[in-house]
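Morning, everyone. Please look at the screen while I walk through this one. I'll keep it short.

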Amino acid sequence: MSTKPTAGERLRYWFDNWMARGPIALMALLGIATVAFVVVLGTIAWTVLTLIGDTDNLGTDAAGPLDLIWRSLMRTLDPGTMGGDQNWPFRIMMLLVTVGGLVIVASLIGIVSGAFDSKVEELRKGRSRVLEQDHTLILGWSTKVFSIVSEICAANLSRGKSAIVILADRDKVEMEDDIKAQIGDTGKTRVIVRSGDPMNLAELEVANPHTARSIIVLAPDDGDDPDSTVIKTTLAVTNNPARKKGSYHIVGELQNPGNLEAATLVGRDEAHWVLSTELISRITVQTCRQSGLSVVYSELLDFDGAEIYFTQQPSLVGKTYFDAQLAFATSAVMGLVQGGKVTLNPASETVLAAGDLIIVIAEDDDAIALTEPGTPDLSVVSESTVAPETPESTLVLGHNEGLPLMLTELDGYSTARSRVTVVADVDEPGFDGLANLDVTFQRGDPTSRAVLDALYVHEFDHIIVLAAKETLPAQRADAKTLITLLHLRDIAVKKGSDLNVVSEMIDDRNRELAEVTQADDFIVSDQLISLMLSQLSENKRLTDVFDELFSASGAEIYLRPAHLYVSGGAEADFYTVIEAARRRGETAIGYRLDEHARSSEHAYGVTVNPTKTQKRAFAPGDKVIVLSEH
């Protein structure tokens, strides 16, 4: 049975509601209390002084007690004014006024200070709405953010003043400090950080996604199901009730290919997905069979040096694809866009039509220019043929979730009766559906020297060292990889053999430490994914190029022995190499010199898009970089 609230309860309820209105309401309440306090005590003081006839303190204002009330108010604000008071009755009453004033003013200062601190804390958290236009928006936070920001800053050098906005559910100041420590100077690009949950529609609005040039959605490093976070974040953008009328340009990463169908339903034609595990697995397998391939991919994907561009050249309409290859002295042609369809390494006799785009590799878009067509030296074009493929042996040290995809990819490249030995300190996984590979599993620690010695690693054609990125933190996983590589290098020295080693690493900073092991290639998974996301965010037309380049079908990058293109010891310019590649149904885009194959200062010997007029004599071990269907 309800009871009637008391007057005290009503007063307390009113006071609680008033306090809930915030600091301004509290300051107003204190102001009212101050006025009431001063008026009451001032009136009492005036009455007492009038009764006792204290004209010295009473004043001469004919308006009554107002003068004394004003003087009382001044005492509440400045206690020092009571030093000249006379007569004890007046002193006692003014002392009460001053003490009450001290309490009120102290409370007021505390409220103002607290409100100011709260406002500073709110601003520090980064809650104000971003007002940028045509910015790059990064939703989420992971270790990849540093590489992505660095690459986009490099891409923005030719654009002028630009902005990158990052919205993540982390402390704003911590994010800003991390970016300054890891990246440093960002040049013409301003990096604006906001704290908030990208999956929350209200907090997403802070980053102003509707005016962004592109949106990159990152998967968290420590999430149990990072793909669900990426998909839900994308859903918050594409299905936002306040979304813009036009299409968004969204790029996101997925780890599990099984989530691609759901992600496609959410992103539709507005989002492109990078399947990180599948991509790294494919590149690792391709690289283990072709030393130096990871450097070629890095060169094409970063914004330093050679990049992929699209150009329209009306003067080449009616000419062939091969004519277009010879028409650029400082750009390497790699494909065509005809009728909206991308084709890498098309047939050399393909004729260019009006509106067709030429896909080229160039140092900058300003460097794309037609020149007088070069003339190949047919006298030094090699007639050598490729030796028939034979069964190969591959050793895989370590285990992660990409292993099944790697074996499937390797099975497609291998001839029948090839063998793979997997050594990892895990329970034996299943190896089903492989046609050309005979897989053997051995449980053991790849960092153990005894285990490696018992494997006779020098007898394998290829060695792949995998990072345990699902079971260990990045630094510990890379440390174990580094120990394995040091053992392999020591075994190679003692056996006098040259091991073909490809290592997967997580943190690009550890690659410099690992270079002392002299492995052939380092697949830095986070770095490659970051480069891919950055490139696609800057140019959505690259989506189709990378889809073909990194898919199981279509043209792929190969490093072939140079003697297959130019006769041994003969000098030739790159026009001649292009002609030799044409005869093999390939497109030549660069070369790798064996003498610099292990030198980071010389880009591990890799040169993509060489100047075609420069002549060179290729040595044994040198390779030509080509696009080919096989």
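One definition before we start: buried means under 20% relative accessible area, exposed means over 50%, and partly exposed is in between, with a 1.4 Å probe and protein chains only. This is a predicted model, so local features need pLDDT of at least 70, side-chain atom pairs count only at pLDDT 80 or more, and totals for chains, interfaces and linings use all residues. Residues are numbered from 1 along each chain as its sequence is written, and side-chain values use heavy atoms, with hydrogens and water left out.

Which residues form a negative surface patch? They are Asp221, Asp222, Asp224 and Asp225. Asp and Glu count as negative here, Lys and Arg as positive, while His and the chain ends are not counted. A patch takes residues with over 30% relative accessible area and no salt bridge; like charges are joined within 9 Å, and nonpolar side chains (Val, Leu, Ile, Met, Phe, Trp, Tyr) within 5 Å. For Asp, the place of the charge is taken as CG. The areas come from the Shrake-Rupley method with a 1.4 Å probe.

Take one member, aspartate 224. Aspartate 224 sits in the loop between β4 (214–217) and α9 (226–238). Those labels are DSSP runs numbered from the N terminus: helices are H or I with at least four residues, strands are E with at least two. Is aspartate 224 buried or exposed? Exposed, with a relative accessible area of 84%.

Now opposite charges. Side chains of opposite charge can pair when their charged atoms come close. A salt bridge is a side-chain nitrogen of Lys or Arg within 4 Å of a carboxyl oxygen of Asp or Glu. How many salt bridges does the structure hold? It holds 24.

Here is one of them. Glutamate 132 and arginine 190 meet through their side chains at 2.4 Å, N to O. Glutamate 132 is in the loop between α5 (88–124) and β1 (136–139), and arginine 190 is in strand β3 (residues 189–195), so the pair ties together parts that are 58 residues apart in sequence. Arginine 190 is partly exposed, at 45% relative accessibility.

Next, arginine 282 and glutamate 278. Their closest N and O atoms are 3.8 Å apart. Both residues lie in helix α11 (residues 276–289), 4 residues apart, about one turn of the helix. Arginine 282 is buried at 10% relative accessibility. Glutamate 278 is partly exposed at 25%.

A further bridge joins arginine 268 to glutamate 270, with 3.5 Å between the closest N and O atoms. Arginine 268 is partly exposed at 41%, whereas glutamate 270 is buried at 5%. There is also a network of salt bridges, linking Glu383, Glu579, Arg582 and Arg583.

On to the backbone. Most residues other than glycine have a negative phi. Asparagine 208 has a positive phi of about 55°. Asparagine 208 lies in the loop between α8 (201–204) and β4, and is buried at 4% relative accessibility. Asparagine 609 also has a positive phi, near 60°. Asparagine 609 is in the loop between β20 (606–608) and β21 (616–617), buried at 7%.

Last, cysteines. A disulfide is a pair of cysteine sulfur atoms within 2.5 Å. How many does a search of the whole structure find? The search finds 0. Cysteine 153 is buried at 9% relative accessible area, and cysteine 288 is buried at 1%.
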